[in-house]
Structure formats: structure tokens, C-alpha cells
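This report describes one protein chain for a reader who has the sequence and the coordinates to hand. Please keep both in view while reading.

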Amino acid sequence: NSSGDNTAYQTEISNSGNIRLLSLNDLINEKIASGCDPFIIKIDIEGSEYRLLNDVIKIQKKLVGLIIEFHDVDLHLEKIKKFISQFNLDLVHIHGNNYSELDNFNNPTMLEISFEKNPIILKKNSELPHFQDQPNNKKKSDYTLKFNRINLF
């Protein structure tokens, strides 16, 4: 917000109990009305992230950052590619969650992806995992990601 404070909001979504249900757009508009701006959203909702992708596209002009964990990547790769092609923030980091299994091509089935508006590029290519990445499961080695040059769009 304008005072320079950083505030984290956790919103529960449920069909039962006393939890207030809000759409993502309503939540963002409510926070803008109360003086909070700009927004970084973290989405970690255990496989239901695909239900929000269209809503995230609708509010993307209000965002400066997005951190999202994608589950079952092997089953939803086309949805992820479509989302990335429609999203106007730059993909700045990707990390394989080593709690997930590997698919038939030795790729992790769970990815943590970060997007940023107008990032400062420090280095064009870097090793993944990055030296600052930490394995999600400390008892296993982190996954090494390998990329082939393909046309996603």
C-alpha cells in the first residue's frame, strides 16, 4: 500500500463453515479500494490451481508478480502452456518440487513457477535448480531441470 507496508492476505475458499467466499477479482478490487496496491499473488491450492487460471488472466493488469505451484504437470501441460501464452508477466523462475514423482520423460510432475512484471535480467541462462533453490523434501536431492528449445506458442 501507499505507506510502504507489506501485507499478506490469506483467503480460504470453502463451501462450508463461516468462511466468506470471494472471487479472485472481488478480492483484488476490495483490496484496491482499501488502498492496497500493487499485488503479488501466491497460488498453492493442491491441484485446484487450474480452476483459477482464467480468473488470473482477467486480473493480470493488476499484478506485478505471481507465484504458482502446478500439480500433475504431465496431465495439464497444455493448460499450463496456454496460460503462459496468455499471461503478460514474464516467467522468471521455475523449480521442480521434489515431493512429486517424475513422469515418463523424467520431468517433475509438480512445478513452482514465478512470474514478474518488468523484471531486471541479471543473467540470461542459469542452472536449475538455482543455487538459492532449496529442495522441498530435504531427504531427497533437488530435481535438475533440462530444457529443449521448442516453440510453445
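How many salt bridges does a search of the whole structure find?

## The salt bridge

The search finds 1 salt bridge, the term being used for a side-chain nitrogen of Lys or Arg within 4 Å of a carboxyl oxygen of Asp or Glu. The partners are Glu78 and Lys81, whose closest N and O atoms are 3.2 Å apart. Both residues belong to helix α3 (residues 73–86), and because they are 3 residues apart in that helix, about one helical turn separates them. Glu78 counts as exposed, with a relative accessibility of 56%; here exposed means over 50% relative accessible area, buried means under 20%, and partly exposed lies in between (1.4 Å probe, protein chains only).

## Basis of the model

This is a predicted model, in which local features need pLDDT of at least 70 and side-chain atom pairs count only at pLDDT 80 or more, whereas totals for chains, interfaces and linings use all residues. Residues are numbered from 1 along each chain as its sequence is written, and side-chain values use heavy atoms, with hydrogens and water left out.

## Overall architecture

The protein contains 3 helices and 4 strands, arranged along the sequence in the pattern α-β-α-β-α-β-β. These elements are DSSP runs numbered from the N terminus, with helices (H or I) having at least four residues and strands (E) at least two.

Of the 153 residues in the protein, 35% are buried. Among contacts with a separation of 6 or more, 63% join residues 24 or more positions apart, where contact means heavy atoms within 4.5 Å.

## The sheet

The 4 strands form an open sheet in the order β1-β2-β4-β3, with mixed pairing; two strands are taken to pair if DSSP finds at least two bridges between them. The edge strands, each pairing on one side only, are β1 and β3 (90–96), and the twist averages 10° from one strand to the next. Strands of a sheet pair through backbone hydrogen bonds, either parallel or antiparallel.

In this sheet β1 and β2 pair in the parallel sense over 5 bridges, with Phe39 standing opposite Leu63 in β2. By contrast, β2 and β4 run antiparallel and are joined by 6 bridges; the partner of Phe70 in β4 is Leu111. Strands β3 and β4 also run antiparallel, again with 6 bridges, and here His95 is partnered by Glu112, while His93 stands opposite Ser114. Helix α3 packs on the sheet, where it touches β2, β3 and β4, and its direction makes about 165° with that of β2 (axes are lines fitted to C-alpha atoms, for helices over the stretch in contact, and angles run from 0 to 180 degrees between N-to-C directions).

## The nonpolar core

A nonpolar core is a set of buried Ala, Val, Leu, Ile, Met, Phe, Trp, Tyr and Cys residues joined through side-chain atoms within 4.5 Å. The largest one has 26 residues, of which Leu66, Phe70, Phe83, Phe87 and Phe115 touch the most other members. At least two residues of this core come from each of α1 (24–33), β1 (39–43), α2 (53–58), β2 (63–70), α3 and β4 (111–116).

Strand β4 is mostly covered, 5 of its 6 residues being buried, and β2 is likewise mostly covered, with 6 of its 8 residues buried. Leaving aside neighbours within four places in sequence, Phe115 has contacts that include Leu66, Ile68, Phe83, Phe87 and Val92.

## Two individual positions

Val64 is found in strand β2 and counts as partly exposed, at 28% relative accessibility.

Tyr143 lies in the segment after β4 and counts as buried at 12% relative accessibility. Tyr143 and Asn106, which are 37 residues apart in sequence, are 9.4 Å apart in space when taken from C-alpha to C-alpha.
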